[in-house]
Structure formats: C-alpha cells, structure tokens
Amino acid sequence: MANKHYISIIRLLRHCGIGYDGELSVSKIKKQLNVEFSYSANGYIEVDVYTYNKNNVMEELELPIFYTRLRYHKKI
Amino acid sequence: MRAVNFGIDLGTTNSLIAKYDNNKVQVYKNPIGQKETLASVVAYRSERILVGDKAREYLAKDAMNVFGGFKRKMGTDEKYYVVNLDENVTPAELSTLILRELKKFVPPTENVEAAVITIPASFDSMQSNATLKAGLDAGFKEVFLLLEPIAASLAFFNASSTVEKPNGYWLVYDLGGGTFDVALIKSTDEGLKIADHEGNNFLGGVDFDFAIIDKIIIPEIIRQTGIENFEEEFRVKYGKYEMLYYQVMYYAEEAKKELSQAPATVIEFGAILNNTNYDFHITITRENIDKIFTPIVNETIKLLHKVVANNGLTVSDINQIILVGGSTFLPQVREQLTVQTGIPLNYSVDPTTSIAAGAAFYAGNKYFEPDAPAVTSIEEKIVDDLLATVDFSPADVQVDVNYTNSSRDKEEVLLITSNGELDNKYYRISRSDGGFDTGFITLKSKKTEFLPLIPGINNLFVLSVYDGDSNEITSLKKEIAIQQGMYNIDGQPLPHDICFEVDDVENKTTKLEVIFARNSLLPQKRTLYREISKTVKKGSQDTIVINILEGDKNSRPSSNLTIGCIQIEGKDLQSDLIKGSDIEIQIQLTDSRVLRTVVFLVMTQQEFKNVFSVSEKQVNIERLKEQFIQLENELIATVRQFQFNANTVWEIQAIALLEELQSVKFNLLKLKEKDKSDEKYVIAERVTRISQEYDKLGGNERIAALIEEYLYAKDTLLQVINMADFEKEELMKMYHKIEQAETAFIHSKNVSAIDNKLRQLSDLHWKALSNNIGFLITRFIEYKGYNTDGFKDYTAAKPIIKMADSALEKEAYPEFRRHVFSISSLVKTSRANNYTDFKGTGIG
C-alpha cells in the first residue's frame, strides 16, 4: 500500500515486552498490541525514530505470510 | 483516564444522547416531555432561544427565525440570517446549541465532560472539524467523532436479540433525515471491520419532502392560481414566499409520514398570493409518491451496488441489510431494496435510537483525562477530608489499568502500568466467581495479564495491590468488568484519500501522491522524504507550497479539498534552499481527523509546524492560478472533442462549465497573495466544484466512451510500436508500464484518471511514430515544404535540412532521425504552451 513504508515489527514487539520466539499466537499478539495502542497518547507507538500505527501493524499481523516475514526479520 | 461513556447522535432531523454503563446502553429522555429525541431545530424568539420540539412548533409560524436541517451545511460557508437578532449564525453554532440542550437530558449528578459524536461516513474534514468545534463550544472537554454506520453496526451486533448473526459481510443502510451512508461490514470472531462505504451528504428524508413540494404541491398551486413564475419566486432566498416555503416544507414532511401508513392524505393550508386568498386542499396518494420517490431510492441503491462491486462481492455474499435512520420507515425504500437487491432486510434495531446507542457502546471503550473531580456535596467533602487524613495509599505509587470492556473471545488482555516506588509491591487479580486467581505477582512498571472469560456474561475481576507485609493498599484496588460475547470495532476508517500535491515537471503540471489511503484505520502518522524541485533564494518571493488534499487520489488536484497548506517563502529562509536538497514532511491525522504537520528543511535546518485550524480554508493564490489554467485548458480541449464527436448535449454542458470558470478569471488574475478579502476562498471553491462537475460530466456514458477510446488507443499504439525502427524495447517497456496500472484506473471510474492515461498513451504514440522511418520521412518532406516563416530560425534550419537530405540519400537513418528532430525544434508551433512559467509546488 502506498501509505506505508515497512518497518520491522520486531522492534515494536520488543518495546512492548511481547515475546516473539517459540510458538506464537497472532490473536494474542493482536490483543496485546491493541491495548498498547489504546494506551498510547496519540494512538501511535514511537520506538527510537520509528513510528508504528495500529493500521499498518494489524495489517502486517494479518498477512498470511506473517510467520515467514517474522522469521526473515529475526535472521536479519 | 476515564471512559467517555456518552454517545451523541447529532442528526439532521433529530438528535439523541445515550450512555454506556455497566454493559448496558441507556438513551436519555428529555426532562421536558420525556421524549428520547430532540428535534434538531433552533428558534430565535424575541428574548430567548428555543431548542428542540418547542422550536419546531415555530417552523411554520415564524420561519425567518427558526432553523433546521443545518447538519447538511456543516463546514460550509453557509450562514443563516436571524431577523430577531439581525445577525448571522453558522451551522456549527446552531449545532452547539443542540449539543448544549442534549447535555441537559443527563441528570446533573452525572458530569458529562466528554462525548462521542457521530458524523456521516462521507463527511469531509471541513465538515467533521466543524462538528468537533461545535462539540468543544458546547462545553465538552474532549470530543471524539464516530462514523454513523459504525455506530449503527455496534448497536445492531450488540443488541440482545435472538437473531443469529453469522460471520461474514453485512450492509448498513443508513438513510437519515439529510444524509445517506451505506457501509460494508465484515463480522469475524475477533470483531467488526468497516470494509468500505459510500455515501451522499445531500440525500436524505428532506429530499423526499422536496420531491413532494416540487412534483405535487408547486404544480398544484400553479394550476389553481395561474401564477406563472410562482416556482421561480418560491425558491428565492428571503423572497416574498419565504414563510410559505417553510410552511409547505412542514406539510410535505407530515404528508410523507402519513403516507407511510395510509393510502392517501390531504394537505390543507391557506395562503395569500398576489393579494388573493387561496385555500388549498391537495390530495396525495401512495401511488403519487411511489413514482416521485423512486429516483431518490434508486440513487441510494446505486451506491449500495457500487460498494458491493468495488469489493469484488455480489449481493449473494451479503448476509443482510441492516436498516438505520428514520427514512428507512418509508415503504418505498423497503420495497425497492427488496426488489432490486434480493438481500434480506433486517429492521431489528430501532432506526431512531441505534446511532446514539452505538455511539455509547463505542464511548465505553474510549478514554480521556478528566478534570479533578468536583466535590458535589458537603457530605462528600467531609468523607474526602477524612480520607485525606488516613494514609491508605503511599503517595509514591500509582497503578493504572487498560483493557477493552467487551469481547467476543474466550480471554482478554489487561495492561497494568505502574509508577513510583514499586519495590516490595505485589498485585493479585481474581475473578468474582473464584474461577481465576493470579496469586501474588511482583508489581512492575508495565505488565500484561490474559484474563479468562466466562461466555455470555459480564465477567468481574478485581486487581488488588499489596505491600511487602501482605497488607492490601485498598486505594489502589481496581474493578475490571468485561462483557463476553459483545462486538467491538477495530478502529475508524479514513473516508477519503489524503494526498499531497507534487510537481510533475515533465508535463508542467502537478499530480497527487497518496499519504494515507481511503479506508486506512485512524489515527495515522507518516514521514515523507522528498527533494526540493526548484531553488528558492533567501529573501526572494519564491515559495515552496505543501498542499495537503482530501478526495480521490485518481482525480486532478483541483477536484480535491485542500485541508492543509504550508507556504515557505524566501523571506522565511535562513539561507538559500537549493534544488535537489531534502525536505522531511511529517503528517499526522488524529482519530477525529485533526491534521498536524511538521516540515523540516534539511539544508537550512529549519522546522515549520502547523496544526490546521478546524474550519480555516487553505489557499495559495499562485497554485490556484495554475490549477485554474490547467482546468480551463482541459475544458477547452474537451469542448473541441465533443464538437468533433457531434455530442451536442455534453458540448453545451462543457461550455457552461467553461463559461462559469472563465467568469472568475479576471478576478483571479488580479488577486495578490496578501489579499485580505474572501475572494480567493470563493474562487477556490468554484474551481473545485467545477473541476468535480467536469469529472462527472456525461456520467457513466462518458466513462464508458473514454474506456473504449483508451482500449482503441492502446491497440493502435501497440501496432505503431511494432512498426518502430528504433528504441522498440524501450517503447514496449513504457507501454507495459501504462498497461500495468490499467485495472486500477479503469475501476476507479474517474474521468480525470482515464483522461490522464489517454494523454500518456497519446504522448507515447507520438514518441513511437518519431522512431518510425516512414513517419520521419513524411515529416521531413512536410518541413521542407515550409517557407521561411514556418521556422523560428530559418538560417539555422537550412544547413540541417541539407544534412538530413544527404543522410536520407545514404540511408543513414539514425543520423537522418537526429537531423529531423533538430529541424522540428526549429519549426514554429501553433500549440500554445500555457505552462512555460510553471511554478508548481516546489516539491518533487
């Protein structure tokens, strides 16, 4: 999509203290991130110089190849 | 943080307020009259202002001082003149009065500090910001906006009915008093999502009333009185029939309501017309209105089919149509929906209260920072004073919890945030039935816990905090209630594309680049990195313009609404800004669509911040002038095209638009950037409107013709490329690039987008021809036939013509081609280039 430039989700998961090793439940991660986004002041989460917005993060989590992308990002 | 809990349906005809409390929604009643609805009508009497049903009673008696239906005019320049005040009021000011009145529905013991206010899904940023302003002016500390179809969906899915609600697609058909929305909703185990929507802010119940007036009442008055120019006079604002106009509107609405139940009704009223007393008795039957309502209903069904088709669905993929809004009571609406879609209709939600109820559901999960609680009674003050003397809570520890209070899942997450002295502190969470207990867990600055939920009930949990000696710190105790089985919404989608205008230097025009795409969930934030496309000297009058627009990414910039404009002039710069240097543009759009931008010029290390005023319009005059010229040229070309195709109807319409546009040309050209008047806003509005009307000219028929023309041009181009003698591979690449985007712009059904592609095909066609030896020879012979006047510089052209002749004789075609190109650049062209002085935005 034109309105997003991809930023690895790992940084966000680490920032929120959400584990991403071993068996993952996307549904649980979504719940945790949902509550983190609603807790944040403007609806975004800023980690270092990167801004995460809920729309892009949820779209990433809903991708059928999310696990593959996560594995790839863990490697790099 | 405290939950907002209050939801408001700020309707065109009626408004309501509701509250979410303990997993239930309560719609408040007006303490006067005990009705849930408040008529969205304001009456300015000589010494007081009446709001609601009392005001509505004066609609027919004192029309000049009574105002209704102003929701449709929110965010526009429209002002209402109040005779009794001798001043103008705006739609937002009238809405503020409605909101203040609604607050009075709530008992004084409940402090209404924040509210969720609903708006139609198609409201643009100006309209939504005007609503936001009305809410803040009404005294709400914080206002959240919610799209009406989302509110309706929450009300429907969370209603305690026995109707089965399988996962899948649903349509919310919301036909209110003044606006129409249709939203495609996807329900899953996780919750609800707005997949897409369509709407019309000028289509609602009042349009049925206007239809009765136009097609039945006015013709009958003319028939009985013989006043030929009656219709014309009747429509004049503040004209001689002003009073009659509002009376008739009132009777038409009453007749419409009656005809929903009865086969016929009679409108009876008296009026003095041309000094003669008339008594009118007009009989209206269901059959009469069936005919005149059908085109209006068809318009809504057209939008319904569009939203279904745009998402690759058919009517058979839709579970049900959920009917919302007072106008869905009309039998014509229900009949036509059934006949034309075949989708089962669902009227299980109360069309009148569902938007307010849904807004309250949403408000239950929306949080704000409240003011310090006000002490309301002496008793409470005494208790507070006593409590203050007892050290229940060490002042250095604060604990906050965040969670969603409704869920479809078997478990829900709780976020616990703490700060202060956390050493030797513990927390424990238990469920009221004793089925869940975390035991003692060390308190940290941030923790999450998954809470298991019992299906179908309100699950109550308690979080207790303990010190190192296992003593409970009672003041930190939190109660958590989560209703299992209820739907929640992921977030609000953006109703239109948000784009910014960048230079298309090659074509000496500008184009749109998407920042946030339609249907993305709010809030959004993005940083763009671009280059400056022109040098701006320090202290000069040159300007960089950052134009942020709302509308359709496929349309021309002038068809869109400017919602933010930042101008950086030479005088603002600390040093020269060189072409090619970097610019960072950070754009934020909040949940309630407030736009914030931060622009950083890397070269000069300067930052420019803007939070755009909620109702202020943004116009850059130089940019407006260029948009004007571009639109004028396109219209001139279109008029010629219609003339060529002998399409007289479209030609007349295009000429009318061109004339209307040109009528402001003189005023626009004389405008200076520092002009104080409203003229630039008036002209900008007209340019936008004409641009949009030009896009719509000819409707689907013109779009079909353009698509056909595009497909034909594509076939012809392919043949020309295949015959090219040079650069065939390069040409083919360019051809495929255009073809790649084909599905998207054909489906966009946007004239401007298809027109733009046609122009690209035409440019490539000429490029392909200029790589064909046969064509080059023909051109060369043509140039040779020109006399000296045909060239800009014949002395320079003469030796090149000679060299081209020689190259042709030797069959040295690449050399020949080079010479023909050189000659063509020396030929006088009749094509006027209006963009030689193209300034653009300065952003590449």
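In this predicted model, the C-alpha centres of domain 1 and domain 5 of chain B lie 74 Å apart. The domain assignment divides chain B into five parts. Domain 1 is made of two segments, 1-163 and 350-374. Domain 2 covers residues 164-347. Domain 3 spans 375-484, domain 4 spans 497-618, and domain 5 spans 773-826.

Chain B also meets chain A. In this interface, 29 residues of chain B are in contact with 26 residues of chain A. The two chains bury about 2400 Å² between them. Of this area, 48% lies on carbon and sulfur atoms. Three residues stand out on the chain B side: Phe450(B), Pro523(B) and Lys525(B). Together they supply 21% of the area that chain B buries against chain A, more than any other three residues.

The rule finds 6 salt bridges across the interface. Glu411(B) forms a salt bridge with Lys28(A). The closest N and O atoms of this pair are 3.7 Å apart.

Several strands of chain B contribute to the side that touches chain A. Strands S23 (411-420), S26 (446-452), S30 (509-516), S31 (524-531) and S34 (582-589) each supply at least two residues. The largest share, 5 residues, comes from S23(B). By class, this side of chain B has 11 nonpolar, 9 polar and 9 charged residues.

Definitions and conventions: Residues numbered from 1 in each chain as written. Chains lettered and ligands numbered in written order. Predicted model: local features only at pLDDT ≥ 70, side-chain atom pairs only at ≥ 80, totals over all residues. Heavy atoms only, no water. Domains from an automatic or database assignment. Contact = heavy atoms within 4.5 Å. Buried area = accessible area lost by both parts, 1.4 Å probe. Salt bridge = Lys/Arg side-chain N within 4 Å of Asp/Glu carboxyl O. Helix = DSSP H or I, 4+ residues; strand = E, 2+ residues; numbered from the N terminus. Nonpolar A, V, L, I, M, F, W, Y, C, P; charged D, E, K, R; others polar.
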